[in-house]
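User: I'd like to learn how to read a fold from its strands, charges and surface. Can you walk me through one?
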Amino acid sequence: MNLSELQEIATLKGFTHHFSAAGNHVTCDGKEVSYSANDLTIIDSRSVDSGTDPGDDATLYMIEACDGTRGTLIVPSSFYTEHEKAELIDHLRSQQRESKSGNP
């Protein structure tokens with residue numbers, strides 16, 4: 001499955017916006033609002049591994065914001081990931097683990 005197909009699946013699941021990491025916040029297309037990592041929850045994630053060019057590898061995160069906005073954030077493989085995106089995803093994954101374990 002390629003990234004385009006994953007984006008189509010996400011859209012069909014209601015993740016119609018695109019999030020972008022910018023500094024210590026996340027912006028959303030079509031909205032004049034920015035979110036902190038604490039405002040976001042990873043609902044699902046899917047990775048693409050082309051097997052030939054590591055530069056084509058990425059993970060698509062399906063994210064829901066505290067106001068109900070649902071969208072995607074695409075993060076290239078870790079070697080190529082921008083620092084802000086890596087920190088954001090680390091924080092979101094940490095929150096996800098804590099909520100699953102019941103720890104605040």
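User: In what order do the elements of the protein run from the N terminus on?

Analyst: This is a predicted model, where local features need pLDDT of at least 70, side-chain atom pairs count only at pLDDT 80 or more, and totals for chains, interfaces and linings use all residues. Residues are numbered from 1 along each chain as its sequence is written, and side-chain values use heavy atoms, with hydrogens and water left out. Helices (H or I, at least four residues) and strands (E, at least two) are DSSP runs, numbered from the N terminus. Here the order reads α-β-β-β-β-β-β-α, giving 2 helices and 6 strands.

User: How do the strands form a sheet, and in what order?

Analyst: Two strands pair if DSSP finds at least two bridges between them. In this protein the 6 strands make an open sheet, ordered 3-2-1-6-5-4, with mixed pairing. Strand 3 (34–35) and strand 4 (40–48) are at the edges with a single partner strand each, so one side of each has no neighbour in the sheet.

User: Which strands does strand 6 pair with, and in which sense?

Analyst: Strand 1 (residues 17–22) runs parallel to strand 6, joined by 2 bridges; His17 has Gly71 as its bridge partner there. Strand 5 (residues 58–65) is antiparallel to strand 6, with 7 bridges, and Met62 is partnered by Thr72. Strands 5 and 6 form a hairpin with 4 residues between them, and Gly68 in the turn has a positive phi of about 90°.

User: How many salt bridges does a search of the whole structure find?

Analyst: Count a salt bridge when a side-chain nitrogen of Lys or Arg is within 4 Å of a carboxyl oxygen of Asp or Glu. The search finds 4. Among them is Asp44 with Lys13, closest N and O atoms 3.9 Å apart. Asp44 sits in strand 4 and Lys13 in the loop between helix 1 (3–12) and strand 1, so this pair ties together parts 31 residues apart in sequence. Asp44 also meets Arg46 (3.1 Å, N to O). Another is Glu64 with Arg70, at 3.4 Å between the closest N and O atoms. Shared partners join Lys13, Asp44 and Arg46 into one network.

User: Which residues form the negative surface patch?

Analyst: For a charged patch, take residues with over 30% relative accessible area and no salt bridge, and join like charges within 9 Å. Asp and Glu count as negative. Here the patch is Glu82, Glu84, Glu87 and Asp90. Glu82 is in the loop between strand 6 (70–76) and helix 2 (83–101).

Methods. Patches are made of residues with over 30% relative accessible area and no salt bridge: like charges are joined within 9 Å, nonpolar side chains (Val, Leu, Ile, Met, Phe, Trp, Tyr) within 5 Å. Accessible areas come from the Shrake-Rupley method with a 1.4 Å probe; for residues, only the protein chains shown count as cover. The place of a charge is taken as NZ of Lys, CZ of Arg, CG of Asp or CD of Glu.
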